[in-house]
Amino acid sequence: MKLLDIFGTLRKDMNVIERELSRSIDTDHALLNEASLHLLKAGGKRLRPAFVLLGGKYGNYDLERLSHVAVPLELIHMASLVHDDVIDNADTRRGQLTVKSKWDNRIAMYTGDYIYAKALVIVARLQNPEIHRVLAKAMVQMSIGEMEQIRDFFNTEQTVRRYLLRIRRKTALLIAISCQLGGLAADAPAAYTRQLYRYGYNVGMAFQIRDDVLDLCGTEKQIGKPPGSDLRQGNITLPVLYALQEQDMQRTLLPEIQRIHESDGATDVTRAVEMVKQSRGIERAEQLADRYIQKAMDALQQLPEGKTRKHLQEIAHFVAKRSH
């Protein structure tokens, strides 16, 4: 199932959001303009804007007003990716050169800063302090999550709980508030915005776990980067943590991770990836992702039946089974 099929009646409005994204980062500065548009042109799922629009269906749906939330949230996501690629020293994303790879780290960092700033300019058009409070709080948590990931590079002793808290901050919160802020911007009932947040949070947790599984099991064509990139960068994800809980696997996997660490990621990670795939790490990670999806479905049961709820259910199923 393709996301465009799931979005259905949103397609026209999503096209408007896409045009607004391009317009929002347009600048007379040639280099900044080219660098800012680089990742945008590479495409993306646009899940966050879609969640904003769907959340808005539970209130007074106003596309112009909702765009002042949908566009900034996607810009914040994009800016975080530009910065992530510097930290991770990543050469490709979505099958394209990263900003830092096409230019350099300095251009990438200032490009990310510029995109963040443009996001704040746009959302400031809404005179709703609650929207600004929720967004600011999430951005703070995202920054903490990024710092925690750097702190835990190659840390094979971290707990699963620590990993889950990190992905909550790095990924799940932005998806959660995308659903919530869509409702808030449309003046949806508070009971609905609470369930939208709960749905988005659980979908976001499942999304990141699935992303970590795909990094090990997907092909470069599917995921737009070389498989095993997380391990090469020192990012110890859930399937690896589960694999390390198996005593026999731990004896062989730990030295392999140490070898990758000592090479500063400049080595082949195929053997380590195969070890994780031979363990129960992938299976257990997928089981946990499924539990988060079920929690998301439970939250939807508290929302009115109809096309919007059906779309949200279909997106959750897509996240659980996606291959890219």
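**Side-chain contacts in a predicted helical model**

Both R166 and D152 are buried (under 20% relative accessible area; over 50% is exposed and anything in between partly exposed, with a 1.4 Å probe and protein chains only). Salt bridges with shared partners link these two residues to R151 and R162 in one network. The model is predicted, so local features require pLDDT of at least 70 and side-chain atom pairs pLDDT 80 or more, whereas totals for chains, interfaces and linings use all residues. Residues are numbered from 1 along each chain as its sequence is written, and side-chain values use heavy atoms, without hydrogens and water.

**Salt bridges**

- The structure contains 19 salt bridges, each defined by a side-chain nitrogen of Lys or Arg within 4 Å of a carboxyl oxygen of Asp or Glu.
- One of them joins R166 to D152, with an N to O distance of 3.4 Å. R166 belongs to helix α9 (residues 160-185) and D152 to the loop between α8 and α9, so this contact ties together parts that are 14 residues apart in sequence. Helices here are DSSP runs of H or I with at least four residues, numbered from the N terminus.
- Within helix α8 (residues 129-151), E130 and R133 are three residues apart, about one turn of the helix. Their side chains form a salt bridge at 2.8 Å, N to O.
- E130 counts as partly exposed because its relative accessibility is 30%. R133, with a relative accessibility of 43%, is likewise classed as partly exposed.
- R106 is bridged to D104, and the closest N and O atoms of that pair are 3.7 Å apart. With 63% relative accessibility, R106 is exposed, while D104 has 27% and is therefore partly exposed.

**Aromatic pairs**

- Two aromatic pairs are found in a search of the whole structure. The planes of F51 and Y199 stand at 80° with ring centres 5.9 Å apart, so their arrangement is edge-to-face. Pairing applies to rings of Phe, Tyr and Trp (its six-membered ring) with centres within 6.5 Å; planes under 30 degrees apart are stacked, those over 60 edge-to-face and the rest tilted.
- Helix α4 (residues 47-56) contributes F51 and helix α10 (residues 190-217) contributes Y199, so the contact ties together parts that are 148 residues apart in sequence.
- F51 is buried at 1% relative accessibility, and Y199 is buried at 0%.
- Y58 and Y192 make another edge-to-face pair, with 5.9 Å from centre to centre and 70° between the planes. Since Y58 is located in the loop between α4 and α5 (63-87) and Y192 in helix α10, this pair ties together parts that are 134 residues apart in sequence.
- Y58 is buried, its relative accessible area being 10%. Y192, by contrast, is partly exposed at 25% relative accessibility.

**Charge over a ring**

- K57 places its charged end over the ring of Y61, at 4.2 Å from the ring centre. This contact requires NZ of Lys or CZ of Arg within 6 Å of the ring centre and within 35 degrees of the ring normal.

Technical notes
Helix = DSSP H or I, 4+ residues; strand = E, 2+ residues; numbered from the N terminus.
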